[in-house]
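Colleague: Please show me the model first, and then let us go through it question by question.

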Amino acid sequence: MTERAVLAVSFGTSHRDTLEKNIAAIEAELAAAFPERTVRRAFTSGMILRKLAGEGTHIDNVPQALERLLAEGCTDVVVQPTHVMNGEEYDKLAEQAAPWEERFARFVVGRPLLTGAEDDAALASAVADSLPPIREDEAVVLMGHGTEHFANAAYAALEDVFHDMGRKEVFVGTVEGYPPLEQVMRRMADRKYRSRALLAPLMVVAGDHAKNDMAGEEEDSWESQLRAAGYETRCVLRGLGEVPAVRAMFVEHAGRAMDELV
């Protein structure tokens, strides 16, 4: 009988290598931090769930995972997202989880990675410490996913935090939001970074966007565009979930959520 649980909810990935290095690693940290609770997995991306199902792998969505816990006799659930921000995927998670609040004796939804100013500072420090040594005149370009949701402003705030901590060489761009790479490159040139660039994903997993949109060989990848503009480039293919300090942030958020249980 499963009485208490943490449901770790991720956007998801179909790349098995980065799933283990990032999502599974976060789940393992949650299990180690809260041994009295069963840790379960759910994904919010229907596209990824369908792709995995086509490959013979079933992973629950949020309603399926909660229904399964309820059937097992669980009465106390902490839903902890591994999303980066309070954007569309988090809103979808909250909407899907809402009907279940009254079905469990104790139920709470934790917060994503970037929820408050202290999170911005913690993530900036964690990412900065995880990067390889930066060379002279080298810009650091972090690729976020981006969204049309107003939460996209979190990327600009995070770049400001990097600069406030003295890391003026860090630039934050997005694949599907603002600022796009074109704007990032303009800012790099304005700040006299015109020769070298280190690229790294600002995403929980280093999946399709990191491998293809950032570091791919196609001419429209970020690395290819920077090379075409004359930059000497190198890429770090590592998701945020591989950074111990980032995993610790998710654990801390889950712990705060537990404090809210009544």
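This is a predicted model: local features need pLDDT of at least 70, side-chain atom pairs count only at pLDDT 80 or more; totals for chains, interfaces and linings use all residues.

Colleague: In what order do β1, β2, β3 and β4 stand in their open sheet?

Modeller: Two strands are said to pair if DSSP finds at least two bridges between them, and β1 (residues 4-10) is joined to β3 (residues 76-81) by six bridges, with A5 having V77 as its bridge partner in β3. The pairing in this open sheet is parallel, and its four strands follow the order β2-β1-β3-β4.

Colleague: What angle does the direction of α1 make with that of β2?

Modeller: Helix α1 (residues 16-33) packs on this sheet and touches β1 and β2, where contact means heavy atoms within 4.5 Å. Axes are lines fitted to C-alpha atoms, for helices over the stretch in contact, and angles run from 0 to 180 degrees between N-to-C directions. On that scale, the direction of α1 makes with that of β2 an angle of about 145°.

Colleague: Why is one side of β6 and of β8 left without a neighbour in the sheet?

Modeller: The other open sheet of four strands has parallel pairing and the order β6-β5-β7-β8. β6 (170-174) and β8 (232-235) stand at its edges, so one side of each is left without a neighbour, and the reason is that each has a single partner strand.

Colleague: Over how many bridges do β5 and β7 pair?

Modeller: β5 (residues 138-144) runs parallel to β6 and is joined to it by five bridges, with V140 opposite V170 and M143 partnered by G173. Towards β7 the pairing of β5 is also in the parallel sense, and A139 stands opposite A197. The count of bridges between β5 and β7 is six.

Colleague: Are the faces of β5 buried or exposed?

Modeller: Buried means under 20% relative accessible area, exposed means over 50%, and partly exposed lies in between, with a 1.4 Å probe and protein chains only. E138, V140, L142 and G144 lie on one side of β5, and A139, V141 and M143 on the other. Seven of the seven residues of β5 fall in one class, and both faces are therefore buried.

Colleague: At what angle to β6 does α7 run?

Modeller: Helix α6 (residues 153-164) lies across β5 and β6, and runs at about 170° to β6. Helix α7 (residues 181-190) lies across β5, β6 and β7 (196-201), and its angle to β6 is about 160°.

Colleague: How far apart are the axes of α3 and α4?

Modeller: V62, P63 and L66 in α3 meet L93, Q96 and A97 in α4. Helix α3 (residues 62-71) and helix α4 (residues 88-97) pack at an angle of about 35°, and the distance between their axes is 9 Å.

Colleague: Where is P179 found?

Modeller: Most residues other than glycine have a negative phi, and most peptide bonds are trans. The bond that joins Y178 and P179 is a cis peptide bond, with omega about 0°. The place of P179 is the loop between β6 and α7.

Colleague: Does K192 count as buried or exposed?

Modeller: D137, in the loop between α5 (117-130) and β5, has a positive phi of about 60° although it is not a glycine, and at 43% relative accessibility D137 counts as partly exposed. K192, in the loop between α7 and β7, has a positive phi near 70°. At 58% relative accessibility, K192 counts as exposed.

Notes. Residues are numbered from 1 along each chain as its sequence is written. Side-chain values use heavy atoms; hydrogens and water are left out. Helices (H or I, at least four residues) and strands (E, at least two) are DSSP runs, numbered from the N terminus.
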